[in-house]
Amino acid sequence: MSGSAEQFDRALSMLLDGALESLSDAECAALRQGVIDEPAQREQFVDAMLMQAALLLDHAPVMPLRLVEPPEAEAAEPARPAQGLSRWIGAAAVAASVLIVGMLWVWSQPANDGASTRTEPTQSLAVLSASHDAKFDTQPLTPGDSLTSQIMRLTQGEVTIDYFDGTAVTLCAPAVYEITGTSAGRLLSGGMIARATPGFAVDTPNFTVIDRGTRFAIWVDESTGGSVLVLDGQVDVQLIDHEKTSPAQSLTEGMGLSVMPTESDASADLINERGRFTVATGDFATLPISEQGRTWVLDDQRHVSFGDVHNIDEANSQTVSLWFNSKVSGRTAFIASKGNSGSTDNGWSVWLDPAGLLMVRASYTGATSDRNLSLSRRFDTADENQWHHLVMIINNTAGTLTAFYDGLGSGDGQQNGWHIGGGGGEVNQFEPGSDFSSKSPILLGARANDMGVTWQGRVNDFVIFNRVLSAREATDLHRLGPTGKSRFIAMPVQLSGQYITSNGHTLATPHDEASGPDANMK
Amino acid sequence: MSTQDQLEQFVADLTGCQDSLFAFILSQLPQPHQARDVLQETNLVLWRKREEFEPGTNFQAWAMSIAQFQVRAAWRDMRRESGRLMFDDAMLGVISASVGERMDSFAQYRDALRSCISKLSDDQREIIRKRYESGGSVQSIAQTLGRSANAVSITLHRVRKVLSDCVRRTMKGPAAS
């Protein structure tokens, strides 16, 4: 089989396995070329896709338009022509037209101007379209399930809800979310990202977000208030207060708003039934969100250990994200790692090398191969003493190592200033399903095998996701800025770190680490 | 035909071609949730344009031509978001033409596939069920089965190959005998 034919087969298999976004540019090109130029490969592709469709239809017949009749009160109103049609169709086409009735009813609704459109509890309003390691504390829900006006308590993972108005809401556990209407929801706690159609509204305990055609994220904590960040477009935020005098605030791309409890009555901006809150509005980079985005202060004597947790074994992929501010460059210094003290040691590492490079390296044990992976890019004195964002993605399904520096992705390994190799690494692709496990702890600021080649600087919002983040999510992490905003993109794994010395002794929080999420970000 | 009859026929045609439309869209937009989104958008466009459809002509072909526009728009959106070119218009054109030719026999294809699935071993049927019934990712299936994602992927590849060969034999059956 030729190389391009192998790439075509590999790309087609990945596509059928749901790993479309993991296809490399070369695999996409092989797929395009095969379909366009090679009749046999075209037939293979069409056969495969028809089988995929048939299997999906037979195993999960979840056409999202499978709706029920509109509420009686709505259907009885004589004024709107579309409702007359829907009533007629409902009577004429019986079961087959149930689909159309729902479609027309949704279509005929007036644009939501911010008020949540309450519906009958049995009306199907959305479909659960995707699920990643999701668990609910009530009834189990799986992709394809039709959703009515209901409360969902997501205890683990992520799910995506597709409303029939075109809005997609992704919930990150732990979250409590209620579908309240055809174009409305209520986030009681946790995080969500919405790609919304204009008019979509989300209520939270302290504010209501009314979309104007955009992508936005909301995080609500029952005890500490909530925040909204606008990723694209525009939203209006209406604070919920006793006096109902707060004007709606319009936020555009790059802006956010936080509502947090306050102890000072005098400075309170908002008083509602839950108490007194301050309201802060700013851009992504400056808006304080929570204590989660802790800043770790590291030097020759002070490192951080998270223990031997979250290994990447044969069945796992992983994304590591951190903000770092380095006092040094041009010498070997380990910023973050799990094992991988040398290029042949299993695990992953992010470090600086003497040639003025930033290295992202990993090593694994595969069934038939065992090569060293690395990507590198310039990092010298001009980059010191500034905050930079790094994302490392080990995709164990596609067999790729990718990285992002300040939102610029390595792509096939040679893009945006990235290069393949360096630090003993040779390649950026590996055998899918490989084992990167290491017995070493996740460390910040030192190399695992000798606690040497220490690094001086600060790390903020160090998070790990147990899945492959998309390029868009990786760049959004950079756009959002630090201080705990990563959870607006996806839910990270639990990490519990503590300061240690080079001898492994536990250290108390250092005196120069001020409290607060962004106290050390200046 | 009265206006009411035409609407009844339109509803019947639209509901009757949902599965074929989904297959047509999925072949060009392989992520199921995106394909479902585009199917929904296509249905709305078809309804809004219902008066442009000429009764007596091929409804499915008309619906697929509109779906084609929606698919291309979806890819343009994705390209704008990701900056990556995965399926271009030339590729989509070739796929839509090839799939379009197969749509008339799609129902027969599904019957053959169901027959072939019934001939699989229990393990093979189970892994297909896990992948397609619950929307399980290869990784989650691997975790459930205690196997590597790569091993699951290879198994799925083999089962699809078995089914593909079986369907081909089944659909050629009467002529061959």
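This is a predicted model: local features need pLDDT of at least 70, side-chain atom pairs count only at pLDDT 80 or more; totals for chains, interfaces and linings use all residues.
View 1. One of the residues to look for is A:S227, whose bridge partner in β12(A) is A:S258. On to the next pairing, β12(A) is also joined to strand β14 (residues 275-283) of chain A, and here seven bridges connect strands that run antiparallel. Within this second pairing, A:P261 has A:F277 in β14(A) as its bridge partner. As background, the strands of a sheet pair through backbone hydrogen bonds, in either a parallel or an antiparallel way.

View 2. Six strands of chain A, in the order β15-β27-β17-β22-β23-β24, form an open sheet with antiparallel pairing. The edges are taken by β15 (295-298) and β24 (408-409) of chain A, and because each has a single partner strand, one side of each is left without a neighbour in the sheet. Inside this order, strand β17 (residues 318-326) of chain A pairs with strand β22 (residues 387-395) of chain A over eight bridges, in the antiparallel sense, and A:S321 finds its bridge partner in A:V391 of β22(A). Helix α7 (residues 471-480) of chain A lies across β17, β22, β23 (400-405) and β27 (457-465) of chain A, and it runs at about 160° to β22(A).

View 3. A:T214 belongs to strand β8 (residues 214-221) of chain A, and it counts as buried because its relative accessibility is 8%, where buried means under 20%. Leaving aside residues up to four places away in sequence, A:T214 touches several residues, among them A:R195, A:V230, A:D232 and A:V235. The side chains of A:R212 and A:D236 meet in a salt bridge, at 3.1 Å from N to O. A:R212 lies in the loop between β7 (207-211) and β8 of chain A, whereas A:D236 lies in strand β10 (residues 234-239) of chain A, so the pair ties together parts that are 24 residues apart in sequence. With a relative accessibility of 37%, A:R212 counts as partly exposed, while A:D236, at 15%, counts as buried. A network of salt bridges also links A:R215, A:D232, A:E253, A:R472, A:D476 and A:R479.

**View 4. The interface of chain A and chain B.** In this part of the model, 63 residues of chain A are in contact with 67 residues of chain B, and the area buried between chain A and chain B is about 6,300 Å², of which carbon and sulfur atoms give 64%. Between these chains the count is seven salt bridges. The elements that give two or more residues to the side of chain A that touches chain B include α1 (3-16), α3 (39-59) and β1 (126-136) of chain A, and the largest share of that side, 15 residues, comes from α3(A).

**View 5. Salt bridges that join chain A to chain B.** B:R102 and A:D47 form a salt bridge in which the closest N and O atoms are 2.6 Å apart. Because B:R102 lies in helix α5 (residues 89-102) of chain B and A:D47 in helix α3 of chain A, the pair joins two chains. B:R102 counts as partly exposed at 24% relative accessibility, whereas A:D47 is buried, with a relative accessible area of 12%. Another salt bridge brings together the side chains of B:D88 and A:R32, at 3.9 Å from N to O.

Notes
Residues are numbered from 1 along each chain as its sequence is written. Chains are lettered from A and ligands numbered from 1 in the order in which they are written. Side-chain values use heavy atoms; hydrogens and water are left out. Helices (H or I, at least four residues) and strands (E, at least two) are DSSP runs, numbered from the N terminus. Buried means under 20% relative accessible area, exposed over 50%, partly exposed in between (1.4 Å probe, protein chains only). Contact means heavy atoms within 4.5 Å. Two strands pair if DSSP finds at least two bridges between them. Axes are lines fitted to C-alpha atoms, for helices over the stretch in contact, and angles run from 0 to 180 degrees between N-to-C directions. Buried area is the accessible area (1.4 Å probe) that two parts lose on being put together, summed over both. A salt bridge is a side-chain nitrogen of Lys or Arg within 4 Å of a carboxyl oxygen of Asp or Glu.
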